[in-house]
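Open the model in your viewer and keep the selection tool at hand.

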Amino acid sequence: MIKCENCFERGKVTFFHIILTTECNLKCRYCYGEALEDLNADFPSFEIDYTLPKRMSYDIDSLDRFCGQDPDCIIILYGSEPLLCVDEIKQIMDGAKAKRFIIQTNGLLLGSLEPEYVNRFHTILVSIDGDEALTDFYRGKGAFRKVIDNLKLIKGNGFEGELTARMTVMEQTDIYKQVRWLLNNDEFSFSSVHWQLNAGFWKKDFARRDFKRWSEENYNPGIRKLVKFWVDYMEKNEAVLRVYPFLGIVQSLKSGEKTSPLRCGAGWINYAIQTDGHIVPCPSMWGIKDYYVGHMSNADPLKLKKFFVSEPCTRCDIFNVCGGRCLYANITKRWSIEAYSLVCNTAQNLINAVVKQLPRIRKLIKDGKIRIENFEFMKYNGCEIIP
Amino acid sequence: MRNNPLNRSLGSCKMVSFVKIEGKTVKGVFKQRLTRFSALVKVGIKLCRVFLLNPRSVREILTQRVGVVLIEILTEKRKTAYDLIVITAFTSSRMCEK
C-alpha cells in the first residue's frame, strides 16, 4: 500500500536529482536516435559547459552537508543511467542525510544493487514504454525482458515501495492500449504510471516526424478514452489507479487551486546537481551556465534561485492548471511556436478530458465509493503531470 | 568487457556493468568540435564528422590532436558513420595522421 504524503506541500520540501554519471548503457530512439539527427543543432544563445566529469566528482561529505541543511531533502538518483555507479549509490545512501531516496533508472542493472539498498527506495521510477514489442522498439531488443526480470527479482527480494512505469511517448505509442497494459498484464503490473511526450526537446525532429497527425488522430482521442476508462475503473472497483497526470489534475481541480507553478517542480522545488556539483533547475538543463543556481559545496538548498516559465505559457488560457509543462522546452524553444502549439493542444485535451469526468468523480466521492485522499501523491517526485 | 582497456576512461568507481561496445572500432585524431553532438576527427587520411556519444563530458577534446576511438556504424540513414566513444587522452602524431 502506498502511503499518501500530505506533508509534501509546496515549498516545504526540496527534491534534488543527483546526476551520478553522464553515461548510459542504452541507445534509445528518443535520446540517442534523436541526437544523431540533431547533428547540426546547437544552443547559440547559451553558454554551455561540455566538460562535465563523467562521474560524480564531489565527495559524499559535501553532499551530506548540503542535504543536511534541509531536514526534508529528498534525493532522486539519476543519470544518464545511475545504476552504472552502484558504489556511489551505496555511499550516498549510507552517508547523505535525506528524508527519502528515489531512483530513476532504465532498470537493466536493478539486480546489481543489494536488496538492503533497493528496499530503502521510497519510489523506483523505471523507464518502460509499454509492452515488449513497443519497449524493445524504442529502447533496443531485449530491454523489456531484462527490466521485467529485474523487477520480479526486486519484488521477490522484498521491495514494497512504489514502482512507477515511466513511459516516453511518441508516434508509435497507442497511449490507451499501453497505459492499460502497464497497469494490468501477465508479466508485471505496475502500481503507477506516468509518461512524457517526446516533443519540443530536439531542434530538427518536427519536420521529419508525424507528430501533428498522430497527436490529433491517435494520442488526444486515446487520452480521452483513457480518462473515461480510469473513472469507469473507479466505479467498478472503488479504487483509484495511480495514473499520475490524471491524479495531479484532479487534485488541483478538487482543491480549488488558483494557480500551479511547473508541476514537475523544476526550477522552484526540484533541482538537479550535475556531476561537477553545480546546481541546475532540471536534469535536462545540464551545462547551461546561464541557469546555474550555485554549487552544492556552498549553496543553501532552501534559498536557491527560482525559475519559472515565461511566454508563451504565461499568456495561455490554461496556464493556471497546466503550469507550463516544461521549463527546458520553454527556455530553449527547440520547436517553433506553431509546432509547439500542438503540444499545448495535448495539454488542453488532457485537462478537458479530466474536467469532463469530474462530475462522475464527485459523485463517487459523495457516494463513498472513493475518497479524495485516494488522489493524493508525493508531488514533485519526478513524475510528469503535464506530459 | 571487464578487461577491455577502453573501459579505463570510464571513471574511478568500481563498475558492475559496462556500456557495451559492439562492432568495429577505429582510432582517430580529434580536430575540432563542430556542434553539441558532433566533432571533426581525422581517420586515416580522411576528415570525418562523428557523433559524440557523451556530449556532456568531452573535456579532453578541447585540445587538438587528442587520440580518440570511434565505433563504426554503417546504416543507411545515419548522417555519420562513426560514434566517438572513447578519448584516449594523449596526443599522437603517429596514430592516424599521415
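Which residues does Leu151(A) touch, not counting residues up to four places away in sequence? Select Leu151(A) together with Gly107(A), Val126(A), Leu163(A) and Phe188(A), the residues that it touches on that count. Bear in mind that this is a predicted model.

Stay on Leu151(A) and show its helix, α6 of chain A, which covers residues 143-156. Leu151(A) counts as buried because it has 22 C-beta neighbours inside 10 Å, and the cut-off for buried is 20 or more.

Next, colour the strands of chain A. An open sheet of 10 strands runs in the order β7-β6-β5-β4-β3-β2-β1-β8-β9-β10, with mixed pairing. Go to its edges: β7 (242-243) and β10 (294-295) of chain A each have a single partner strand, so one side of each lacks a neighbour in the sheet.

Finally, show both chains. Chain A brings 26 residues to the contact and chain B brings 24 residues. On the chain A side, α1 (29-37) and α3 (86-95) are the elements that give two or more residues. The most come from α3(A), with 3 residues. Coloured by type, the chain A side shows 13 nonpolar, 6 polar and 7 charged residues.

Terms used
Residues numbered from 1 in each chain as written. Chains lettered and ligands numbered in written order. Predicted model: local features only at pLDDT ≥ 70, side-chain atom pairs only at ≥ 80, totals over all residues. Contact = placed C-beta atoms within 7 Å. Helix = DSSP H or I, 4+ residues; strand = E, 2+ residues; numbered from the N terminus. Nonpolar A, V, L, I, M, F, W, Y, C, P; charged D, E, K, R; others polar. Pairing = 2+ DSSP bridges. Buried ≥ 20, exposed ≤ 12 C-beta atoms within 10 Å, placed from the backbone.
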